[in-house]
Amino acid sequence: MVRVCTGARLHIGFQNLSLARERLYGGVGVALTEPRVVVEAERADDLSADPMIRASAQRAVSLLDVPGAKVRLLESLPRHVGLGSGTQHALATFAAIARAYDSTATVREYAPALGRGGRSGIGVATFESGGFVVDAGHPTDRFTTAPPATGEWTVPPVVARHAVPDEWRFVVVVPADITGEHGEREDEQIRSVVERADPSISDELAVVLTHQLLPAVVEERLEPFGRAIETLGRLNGAWYADEQGGVYRPPAGELIERLRESSAIMGTGQSSWGPAVYGVTDKDHIESARDALDALDIDGTVHVSTPRNHGMEIL
């Protein structure tokens with residue numbers, strides 16, 4: 001029996017959504033320790049799996065060419081809220097079944113066949129190694145507004161990966177009973193955004209990433225890091241505004257504005273399509289940050305997480 005554990009990820013944004021630039025997408029994100037996914041798998045003659053991961057387990061068994069598996073989801077991420085549940089559940093399930101059969105198959109190799117890593121490579125990269133990650137995106141002439149057929153593309157390579165200081169903390173707020181875009185609707189909205197994305201935003205993002213965000217991570221400077229992720233997220237929101245009802249998807253904008261009022265929060269943003277929002281602080285200001293979160297008085301879930309600077313774990 002094998003247990004695989006991985007954590008959520010924050011998707012801060014993309015580097016480019018314009019067809020006028022050479023590479024499309026190019027994700028930027030951070031791995032978290034909480035909330036997390038724990039999947040347990042053991043060899044079996046047929047397939048038995050919890051409903052949330054059954055489809056992923058069926059694909060894994062087929063791809064690995066094994067007779068079956070008994071798979072249990074012991075801990076899970078909330079679905080479709082911007083924390084990477086689809087990718088983390090799928091990869092953890094695949095990895096657990098593979099390890100149960102002593103297979104050396106890697107998640108990066110099989111992620112496309114699992115339907116993961118088509119636009120952003122952040123979920124795969126944080127599963128593999130954790131940390132702060134930037135991926136290279138895809139050649140625009142191959143992807144245009146939709147990815148090539150399955151088997152004709154690979155997960156975007158990592159172009160930068162850095163450990164995040166252990167003393168930093170990420171506060172994550174997930175409003176109840178609201179989900180972000182996913183599935184066909186998400187594909188439609190991304191396609192609409194890409195078809196009319198302003199390329200000048202990509203140029204601004206390049207400056208933020210190379211002159212502000214990456215130096216702040218490498219030099220372990222929290223306040224510049226917070227300002228940079230906030231700017232990167234806001235510029236991405238300018239692309240999405242028509243599709244999601246504003247720079248942030250409601251009610252994320254209101255939550256972000258209220259989080260900004262706390263001096264303990266150094267930077268805020270919406271993760272992926274939301275509705276999850278996050279703020280960054282450090283362990284010395286965590287109590288003040290908790291007070292700010294309590295003052296939100298929201299119907300939802302709050303997580304305070306350390307950064308995860310390693311890949312998935314075998315428990």
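**Salt bridges, aromatic pairs and a pocket**

Arg196 and Asp242 form a salt bridge in which the closest N and O atoms are 3.5 Å apart, a salt bridge being a side-chain nitrogen of Lys or Arg within 4 Å of a carboxyl oxygen of Asp or Glu. This pair links distant parts of the chain, with Arg196 in helix α6 (residues 183–196) and Asp242 in helix α8, 46 residues apart; helices (H or I, at least four residues) and strands (E, at least two) are DSSP runs numbered from the N terminus. The model is predicted, so that local features need pLDDT of at least 70 and side-chain atom pairs count only at pLDDT 80 or more, whereas totals for chains, interfaces and linings use all residues. Residues are numbered from 1 along each chain as its sequence is written, and side-chain values use heavy atoms, with hydrogens and water left out.

The structure holds 13 salt bridges. One of these joins Arg3 to Glu40, with the closest N and O atoms 2.8 Å apart, and because Arg3 lies in strand β1 and Glu40 in strand β2, the pair ties together parts that are 37 residues apart in sequence. Glu40 is buried at 6% relative accessibility, whereas Arg3, at 36%, is partly exposed (buried means under 20% relative accessible area, exposed over 50%, and partly exposed in between, with a 1.4 Å probe and protein chains only).

Trp168 and Phe225 form a tilted pair, 4.9 Å centre to centre with 45° between the planes; Trp168 lies in strand β8 (residues 168–175) and Phe225 in helix α8 (residues 222–244), so the pair ties together parts that are 57 residues apart in sequence. Phe225 is buried, with a relative accessible area of 0%, and also forms an edge-to-face pair with Phe170, 6.5 Å centre to centre and 80° between the planes. Ring pairs link Phe132, Trp168, Phe170 and Phe225 into a cluster.

Among the residues that line the second largest pocket, Gln15, Asn16, Arg21, Arg23 and Tyr25 lie nearest its centre, a pocket being, on a 1 Å grid over the protein atoms alone, an open set of points where a 1.4 Å probe fits, with protein on both sides within 12 Å along at least five of seven lines, and lining residues having an atom within 4 Å of a point. Helix α7 gives the most to this lining, with 5 residues.

Note on methods
Phe/Tyr/Trp six-rings, centres within 6.5 Å; stacked < 30°, edge-to-face > 60°.
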